[in-house]
Amino acid sequence: MAGEVVALTQALITGVLLGGMYALMSSGLSLIFGVMDIANAAQATFAVLAAYIAYWMQTLYGIDPFIGMVTSAIALFLIGVALYKYMVSRVRGLMAFALLYMLAMFLENTMIFTWTNLYRGIRVDYLTKSIGFSGIYVPLDRLVGFLIAITGFGILSYFLKYSYLGKAIRATMQNPTAASLMGINVRFIYLFSFGLGIALSGFAGTILGIVYSFNPTVADEWIGVMFAIVVFGGLGSLMGTFIASMIIGIVTSLVGTYASLIWSPLIAFAILVITLWVKPSGLMGRKI
């Protein structure tokens with residue numbers, strides 16, 4: 001009996017830690033869709049690119065991955081701003097999705113050509129240990145990754161709720177025409193929001209690169225989970241994204257513990273199908 005309690009507790013803790021990372025990873029996708037109604041198919045690919053930036057900064061120059069994480073996020077913000085200004089702003093809807101999907105394929109193949117398809121991992125020596133209590137173990141890298149993810153998500157939520165720019169973003173989400181009439185520069189909001197959404201994948205990608213091995217093709221798996229979370233939580237709802245991330249993270253961990261790890265990647269897709277069938281608006285979003 002005690003062993004079952006320990007196993008369940010371990011699975012729940014692992015699921016919560018995973019859910020926190022999922023939340024940060026999906027927040028940028030949710031933000032971009034909420035502001036511009038654009039499903040960014042390249043979001044996970046940019047996360048992988050961020051992981052490679054942090055990895056090579058550490059490998060070539062000995063720079064701490066957490067410094068590399070900030071650097072990659074800034075770089076991706078600038079890339080996102082340029083990408084929106086010169087490419088994405090010229091298209092809408094399905095054309096924007098197609099453009100970003102083709103960009104994701106281009107970046108993925110470029111990374112394979114440049115860095116091969118071998119799996120790599122960002123090693124942080126001072127996070128290789130675990131915290132243990134009563135037979136339950138919490139890896140330090142996952143714990144720190146979770147804390148960074150939750151902090152980042154909280155800062156984003158606070159920024160959107162209380163800052164002037166955040167309120168302008170929320171106003172643009174609700175009604176861009178009315179926001180424009182109230183003096184808000186909607187084009188700037190689109191530009192900034194797209195850059196911020198891409199930058200968030202910089203933080204998330206580096207954290208995932210520390211916790212898991214990665215190569216350019218893992219973006220295909222990550223983007224599926226991200227879309228499932230955003231749809232399940234409700235398109236454009238950050239709180240819905242957070243709740244959905246926690247649910248999917250915990251359920252994935254429980255399935256991996258009591259059934260098989262083989263089934264874990266299917267959980268997000270099963271939840272996505274059920275959501276589209278039963279409640280297309282998701283937990284807290286608007287109807288698709």
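Phe-77 is found in helix 3, which covers residues 65-86; helices here are DSSP runs of H or I with at least four residues, strands are runs of E with at least two, and both are numbered from the N terminus. The model is predicted, so local features need pLDDT of at least 70 and side-chain atom pairs count only at pLDDT 80 or more, while totals for chains, interfaces and linings use all residues. Residues are numbered from 1 along each chain as its sequence is written, and side-chain values use heavy atoms, with hydrogens and water left out.

**Phe-77 and its surroundings**

- Phe-77 is partly exposed, because its relative accessible area is 23%; buried means under 20% relative accessible area, exposed means over 50%, and partly exposed lies in between, with a 1.4 Å probe and protein chains only.
- Leaving aside neighbours within four places in sequence, Phe-77 is in contact with Phe-192, Gly-195, Leu-196 and Ala-199, where contact means heavy atoms within 4.5 Å.
- Phe-77 and Thr-9 are 68 residues apart in sequence, and their C-alpha atoms are 38 Å apart in space.

**Aromatic pairs**

- A search of the whole structure finds twelve aromatic pairs, counted when the ring centres of Phe, Tyr and Trp (its six-membered ring) lie within 6.5 Å, with planes under 30 degrees apart called stacked, over 60 edge-to-face and the rest tilted.
- The rings of Tyr-52 and Trp-115 have centres 4.6 Å apart and planes at 20°, so this pair is stacked.
- This pair links distant parts of the chain, since Tyr-52 lies in helix 2 and Trp-115 in helix 4 (residues 93-115), 63 residues apart.
- Tyr-52 is buried, with a relative accessible area of 0%.
- The rings of Tyr-84 and Phe-194 have centres 5.6 Å apart and planes at 40°, so this pair is tilted.
- Tyr-84 lies in helix 3 and Phe-194 in helix 8 (residues 186-211), so the pair ties together parts that are 110 residues apart in sequence, and both Tyr-84 and Phe-194 are buried.
- One aromatic cluster is formed by Tyr-52, Tyr-55, Trp-56, Trp-115 and Phe-214.

**The nonpolar core**

- The largest nonpolar core has 82 residues, and those with the most contacts inside it are Met-36, Phe-46, Leu-100, Phe-194 and Trp-222; such a core is a set of buried Ala, Val, Leu, Ile, Met, Phe, Trp, Tyr and Cys residues joined through side-chain atoms within 4.5 Å.
- Helix 8 gives the largest share of this core, 13 residues.
- Not counting residues up to four places away in sequence, Phe-194 touches Ile-32, Met-36, Gly-80, Leu-83, Tyr-84, Val-88 and Leu-100.

**Ser-27 in helix 1**

- Ser-27 has its place in helix 1 (residues 2-36) and is buried, with a relative accessible area of 0%.
- The side chain of Ser-27 reaches the backbone oxygen of Leu-24 at 2.8 Å, a polar contact being a pair of N or O atoms within 3.5 Å in which, within protein, one must be able to donate a hydrogen and the other to accept it, and residues adjacent in sequence count only if both atoms are side-chain atoms.
- Beyond residues up to four places away in sequence, Ser-27 touches Phe-153, Leu-156, Leu-200, Leu-238 and Thr-241.

**The two strands**

- Strand 1 (residues 130-133) and strand 2 run antiparallel and are joined by four bridges, and two strands pair if DSSP finds at least two bridges between them.
- Ser-130 stands opposite Pro-139 in strand 2.

**Helix 10 and its cap**

- Ser-237 is found in the loop between helix 9 (218-233) and helix 10 (238-258), and Ser-237 is buried, with a relative accessible area of 11%.
- Ser-237 caps the N-terminal end of helix 10, with a side-chain oxygen 3.0 Å from the backbone nitrogen of Gly-240.
- Leaving aside neighbours within four places in sequence, Ser-237 is in contact with Ser-30 and Met-284.
- The buried residues of helix 10 include Leu-238, Gly-240, Thr-241 and Ala-244.
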